[in-house]
Amino acid sequence: MIKRNKNIANIKAGYLFPEIARRRREYATAHPEAKIISLGVGNTTEPILPHINAGLVEGARRLGTVEGYSGYQDEGLPELREKISSVFYGGKFSIDEIFISDGAKCDIGRLQLLFGAGVKVAAQDPSYPVYVDGSVLAGAAGGWKGKGYAGITYLPCTASNNYFPDLAPIPKNSVIYFCSPNNPTGATANKSQLASLVDVAVRKNCILIFDAAYAEFIRDASLPKSIFEIDGATSCAIEVNSFSKPAGFTGVRLGWSVVPKALKYAGGESVNADWSRIASTVFNGASNIAQAGGLAALDPEGLKEIRALTDFYLGNAKLIRDALQKLKINCEGGDNSPYIWAHFPGRDSWEVFSEILEKCQVVTTPGAGFGPAGQGFIRFSAFGHRADVEEACTRLEKLLDK
Ligand code: PLP
């Protein structure tokens with residue numbers, strides 16, 4: 001019989017969210033009367049707004065016509081790539097620097113094919129699990145050692161550094177994963193912080209994979225929405241982004257990556273050319289219905305809907321943040337991001353997760369699931385119906401019960 005891929009065997013624990021779902025099911029089975037509310041996963045809950053939805057419907061209708069039918073579009077519809085360049089990047093990128101995908105997570109997984117096994121990796125700690133777990137699957141992370149993987153340089157983001165890491169430990173010639181606004185901490189890096197990140201990436205010959213999946217939640221106009229707002233980034237960075245959270249496309253599946261032509265490997269070869277090769281080899285393009293929805297999302301009317309939808313979730317975030325602050329629980333995020341990162345100093349985060357589930361029947365996400373520095377934290381997600389969020393906020397007061 002074939003032996004198991006040792007990289008899979010190397011993964012320390014089950015994926016975080018199935019584990020949370022398992023614990024929720026276990027609680028629900030033991031307490032069938034409980035009305036559990038989830039502020040746990042980052043899954044969107046609100047319907048797709050009318051203009052964007054009409055784009056999806058129209059995309060499906062056109063497929064049933066001779067003139068409107070289309071088949072494979074490996075790197076994406078040219079008009080969508082052009083629109084992404086003009087709406088998000090001021091037209092700075094040509095369409096062959098923008099690749100349409102079925103989502104940012106899938107792209108992050110596939111991007112690792114660019115670097116192969118054994119590449120050095122640095123990632124924020126805590127961070128969105130696919131950066132580290134995907135590196136383990138790609139054979140880049142080494143085995144589990146103590147509190148983390150031997151081949152990963154963890155960059156702790158804590159209350160003491162205002163959730164922006166010390167960049168000094170980043171190894172030369174490494175792949176750096178960085179997410180802003182951050183999942184899970186909700187912290188958003190400012191321009192000078194991102195400039196220092198780009199500076200380190202350039203000086204140390206690293207490639208920075210910048211995840212901007214929550215950029216549309218930024219309300220403070222001084223905060224960058226893209227790494228390409230920073231001088232020098234086109235020679236060291238790839239950006240991944242997504243329609244999932246801003247347009248409610250978590251189930252529709254549509255994202256993109258920007259791989260500038262200026263980005264080169266150590267030997268001078270083009271990263272863009274390799275990414276194009278990978279995209280056409282192991283990916284056959286995003287759904288053309290989803291892309292029709294994406295085009296509608298970038299119309300002026302669609303952009304207004306994105307603003308309204310993200311405003312709604314930010315309204316939820318404010319309710320959660322206010323409820324936690326009333327309980328004198330320190331937290332980060334929630335102002336330019338849909339996540340609130342609540343500090344329970346000295347506590348085990350799975351234990352706090354269980355306490356909140358048992359006392360309040362509210363599902364959250366234990367910070368330790370996002371990396372060693374997440375211990376002692378709980379992530380609250382603002383994705384939920386308003387009435388559920390309000391009810392959950394009221395129930396959180398039960399945390400004061402002994
Ligand atoms: N990047 C971050 C930081 C996320 O939190 C998520 C989803 O939660 C994704 C990417 C996934 O995006 P997509 O739905 O486009 O795969």
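Predicted model: local features only at pLDDT ≥ 70, side-chain atom pairs only at ≥ 80, totals over all residues.
Visitor: How many helices and strands does the protein have, and what makes a run count as one?
Guide: There are 13 helices and 15 strands. Both are DSSP runs numbered from the N terminus: a helix is H or I with at least four residues, a strand is E with at least two.

Visitor: Why is the protein called as compact as a globular protein of its length?
Guide: The radius of gyration, taken over C-alpha atoms, is set against the globule rule, 2.2 Å times the number of residues to the power 0.38. For 402 residues the rule gives 21 Å, and the protein's value of 21 Å is close to that, so the protein is as compact as a globular protein of that length. Along its principal axes, the C-alpha trace spans about 60 × 55 × 50 Å.

Visitor: What makes Asp 107 buried?
Guide: Buried means under 20% relative accessible area, exposed means over 50%, and partly exposed is in between (1.4 Å probe, protein chains only). Asp 107 has 3% relative accessibility, so it counts as buried. This residue sits in helix 5, residues 104-111. Leaving aside neighbours within four places in sequence, Asp 107 is in contact with Ser 101, Val 240, Trp 256, Ser 257 and Trp 275, where contact means heavy atoms within 4.5 Å.

Visitor: Why is Asn 162 called exposed, while Asn 173 is called partly exposed?
Guide: Asn 162 has a relative accessible area of 58%, so it is exposed. Asn 173, at 46%, therefore counts as partly exposed. Asn 162 belongs to the loop between strand 6 (152-156) and strand 7, and Asn 173 lies in the loop between strand 6 and strand 7.

Visitor: Which peptide bonds are cis?
Guide: Among them is the bond from Asp 125 to Pro 126, with omega near 5°. Another is the bond from Ser 180 to Pro 181, with omega near -10°. Pro 181 is in the loop between strand 7 and helix 7.

Visitor: How do you know that strand 7 and strand 8 pair?
Guide: Two strands pair if DSSP finds at least two bridges between them. Strand 7 (residues 174-179) and strand 8 have 5 bridges, in the parallel sense. One of the bridge partners is Phe 210 in strand 8, which goes with Phe 178. On to strand 9 (residues 237-242): 4 bridges join strand 8 to it, again running parallel.

Visitor: What makes strand 7, helix 7 and strand 8 a right-handed unit?
Guide: A crossover is right-handed if, with the strands pointing away from the viewer, the path from the first strand over the helix to the second runs clockwise. Strand 7, helix 7 (residues 191-203) and strand 8 make a right-handed β-α-β unit.

Visitor: Is strand 8 covered or exposed?
Guide: Strand 8 (residues 207-211) is mostly covered, with 5 of its 5 residues buried. Ile 207, Ile 209 and Asp 211 point one way, and Leu 208 and Phe 210 the other. In a regular strand the side chains alternate between the two faces of the sheet.

Visitor: Why are strands 11 and 14 said to stand at the edges?
Guide: 4 strands form an open, antiparallel sheet in the order 11-12-15-14. Strand 11 (331-333) and strand 14 (365-366) each have a single partner strand, so one side of each has no neighbour in the sheet.

Visitor: How do you know that the buried residues of helix 13 line one face?
Guide: In helix 13 (residues 386-396), the buried residues are Val 389, Ala 392, Cys 393, Arg 395 and Leu 396. Seen down the helix axis they fall within an arc of 160°, so they line one face; the arc is that of the directions from the helix axis to the C-beta atoms. Arg 395, at 8% relative accessibility, counts as buried. The face turned away carries the exposed residues Ala 387 and Thr 394.

How values were computed. Residues numbered from 1 in each chain as written. Heavy atoms only, no water.
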